[in-house]
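Visitor: I should like to learn how to read the features of a structural model. Please take me through them in order.

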Amino acid sequence: MYAYELCRKYQEALNRKDQEAILDLFTNDASVKAPLLGELDVMTFHQRVFESCGYAVTKLTNVFDGLHHARSVALQFVYTWTFPGGRQVSVEGMSVFELDETRKKFGRLTIIYDPTEFRRNLKGASAEMRMAMDRRQEQFRLAA
């Protein structure tokens, strides 16, 4: 399954904070949507994530393939952030990758997780990251 290989490459590049390798896996107009940052282009999303933590490790636990030739694959993961000062936060979630027509690049990434534990430990994150997360949390409250 080529989609799995793309996902594996993404996880490896993410763990290395290799922005160039990450960008190579996505189409030029791809976006990433996540609970705390909303929807951003691939480069901006990863820059903000990398700036907000000192070290992060993503551990893949399951892969789910789309039905009937769907162009999507979902990964279940445990994502552990280490913030400046050594605090660690782990969250479990899903990353849903939508492939482009060629099935050789990602066209969109949707990340799904409960941000509660992460938000409790944001004191070490950048002011910009905290403000962005506060705005997203307010949007969730208004939508509920």
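Guide: We begin with the elements: helices (H or I, at least four residues) and strands (E, at least two) are DSSP runs, numbered from the N terminus. Arg108, for example, is found in strand 6. This is a predicted model, in which local features need pLDDT of at least 70 and side-chain atom pairs count only at pLDDT 80 or more, while totals for chains, interfaces and linings use all residues. Residues are numbered from 1 along each chain as its sequence is written, and side-chain values use heavy atoms, with hydrogens and water left out.

Visitor: How many helices and strands are in the chain, and in what order do the elements run?

Guide: The chain has five helices and six strands. From the N terminus on, the order is α-α-β-β-α-β-β-β-β-α-α.

Visitor: How is burial expressed, and is Arg108 buried, partly exposed or exposed?

Guide: Buried means under 20% relative accessible area, exposed over 50%, and partly exposed in between (1.4 Å probe, protein chains only). Of the 144 residues in the chain, 42% are buried. Arg108 has 24% relative accessibility and therefore counts as partly exposed. The C-alpha atom of Arg108 is separated by 5.2 Å from that of Ala30, although the two residues are 78 apart along the chain.

Visitor: Which residues of helix 1 are buried, and why do they lie on the same side?

Guide: An α-helix has 3.6 residues a turn, so residues three or four places apart point the same way. In helix 1, the buried residues are Ala3, Leu6, Cys7, Tyr10, Gln11, Ala13 and Leu14. They cover an arc of only 170° around the axis (taken from the directions from the helix axis to the C-beta atoms), which puts them on the same side of helix 1.

Visitor: What span should helix 1 have?

Guide: The expected span of a helix is 1.5 Å times one less than its number of residues. For the 15 residues of helix 1 this gives 21 Å, and the end C-alpha atoms are 21 Å apart, which agrees. Just after helix 1, Lys17 takes a positive phi of about 60°.

Visitor: Which strands pair with strand 5, and in what sense?

Guide: Two strands pair if DSSP finds at least two bridges between them. Strand 5 is antiparallel to strand 4, over eleven bridges, and also antiparallel to strand 6, over seven bridges. Ser95 in strand 5 is the bridge partner of Leu75, and Gly93 stands opposite Tyr113 in strand 6. Six residues lie between strand 5 and strand 6 in their hairpin, where Arg103 in the turn has a positive phi of about 65°.

Visitor: Where do the side chains of strand 5 point?

Guide: They alternate along residues 88-99.

Visitor: What volume has the largest cavity, and which residues are closest to its centre?

Guide: On a 1 Å grid over the protein atoms alone, a cavity is a set of points where a 1.4 Å probe fits but cannot get out, and lining residues have an atom within 4 Å of a point. Grid points are joined across faces, edges and corners, and a volume is the space filled by probe spheres set on the points. The structure holds one cavity of 30 Å³ or more, and the largest cavity has a volume of about 240 Å³. Of its 20 lining residues, Phe45, Val49, Tyr79, Trp81 and Ile111 are the closest to the centre.

Terms used
On a 1 Å grid over the protein atoms alone, a cavity is a set of points where a 1.4 Å probe fits but cannot get out, and a pocket is an open set with protein on both sides within 12 Å along at least five of seven lines; lining residues have an atom within 4 Å of a point.
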